[in-house]
Amino acid sequence: MTGGSKELAHQATEWFTGWSALRSYQSRSGPGFVAALSLDRSGDWEYFTCDPTASVFSALAEEVTTSTQRSLCVIGSDVHRYVKWAHQKGLGMVSTSEKLMVCAMETQDNQDPFLGDPDLTLVVKKIGGKHSQSPCQARFSAAIMRGQSILASGRVGIYGETAVFDDLKTAAAHRRRGFGMLMMKTLTARALDYPVTTGLVVATTAGQSLYYKLGWRNLSSVTVLVPKERLAALARL
């Protein structure tokens, strides 16, 4: 990904590499963009670009509008400009609420958290085998469980000196009880077994308050755009 500040473009590319590896997505890249084939979500390609020029945006819009199931995620601060271009190119805005967030891993705790309840168990598994082909040196999934019930879960991938966090979620019946914090601390402790310096995550509105509490900061907004036909279909749901 190119465009915007070099730091933001670099961080966005690092995040994408870890995120797509954690989800085992097929990926590809081209001038000013990267893309992942998200068969478990839209069933089509999701394109990502960082603060694109008008020409890069136009070319990507052409690609995205060839299928109603495709999407374009723009990482950058000039949301109004991206939405204006989108309207001119047959795209509509789904969301601007997600944020690419970053933290200095040296500020984080490297110890697994104390669960404080004998009925709870912490299950951590390595994703992929010894010969798994992945850009990540290591990938982990974790879950906090009571019996066979998953209360909270998440994943982290180690890509160079970067830890990419993904899919942190807490079961609806168990929210606001600190399980999200425990899960993040678990994943962070696993990541700090490696010489990582930076943590990255794309956080939903619900997750951002948790990351703030843990010392993370915003890098950029993420503007999600889809073909207008799909936007109309989503509005009818």
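**Close-up views of a predicted model**

**View 1. The largest nonpolar core.** The largest nonpolar core has 28 residues, and those with the most contacts inside it are Ala163, Phe165 and Trp216. Among the elements that give two or more residues to this core are strand 5 (91–104), strand 9 (162–170) and helix 5 (205–213), while helix 4 gives the most, with six residues. The model shown here and in the other views is predicted. Apart from this core lies another, of 22 residues, which includes Leu8, Tyr25, Ile75 and Leu100.

**View 2. Surroundings of Phe165.** Leaving aside residues up to four places away in sequence, Phe165 touches several residues, including Met105, Arg155, Met184, Leu187, Val201 and Trp216.

**View 3. A network of salt bridges.** Arg23, Arg155, Asp166, Asp167 and Lys169 are linked in a network of salt bridges. Within this group, the side chains of Asp166 and Arg23 meet in a salt bridge (2.9 Å, N to O), which links strand 9 with the loop between helix 1 (6–22) and strand 1 (26–30), 143 residues apart. Both Asp166 and Arg23 are buried. Arg155 forms a salt bridge with Asp167, with the closest N and O atoms 3.4 Å apart, and Asp167 is partly exposed, with a relative accessible area of 29%.

**View 4. The pair Arg70 and Asp44.** Arg70 forms a salt bridge with Asp44, in which the closest N and O atoms are 3.1 Å apart. Because Arg70 lies in the loop between helix 2 (54–64) and strand 4 (71–75) and Asp44 in strand 3 (residues 44–50), the pair ties together parts that are 26 residues apart in sequence.

Note on methods: Residues are numbered from 1 along each chain as its sequence is written. This is a predicted model: local features need pLDDT of at least 70, side-chain atom pairs count only at pLDDT 80 or more; totals for chains, interfaces and linings use all residues. Side-chain values use heavy atoms; hydrogens and water are left out. A nonpolar core is a set of buried Ala, Val, Leu, Ile, Met, Phe, Trp, Tyr and Cys residues joined through side-chain atoms within 4.5 Å. Buried means under 20% relative accessible area, exposed over 50%, partly exposed in between (1.4 Å probe, protein chains only). Helices (H or I, at least four residues) and strands (E, at least two) are DSSP runs, numbered from the N terminus. Contact means heavy atoms within 4.5 Å. A salt bridge is a side-chain nitrogen of Lys or Arg within 4 Å of a carboxyl oxygen of Asp or Glu.
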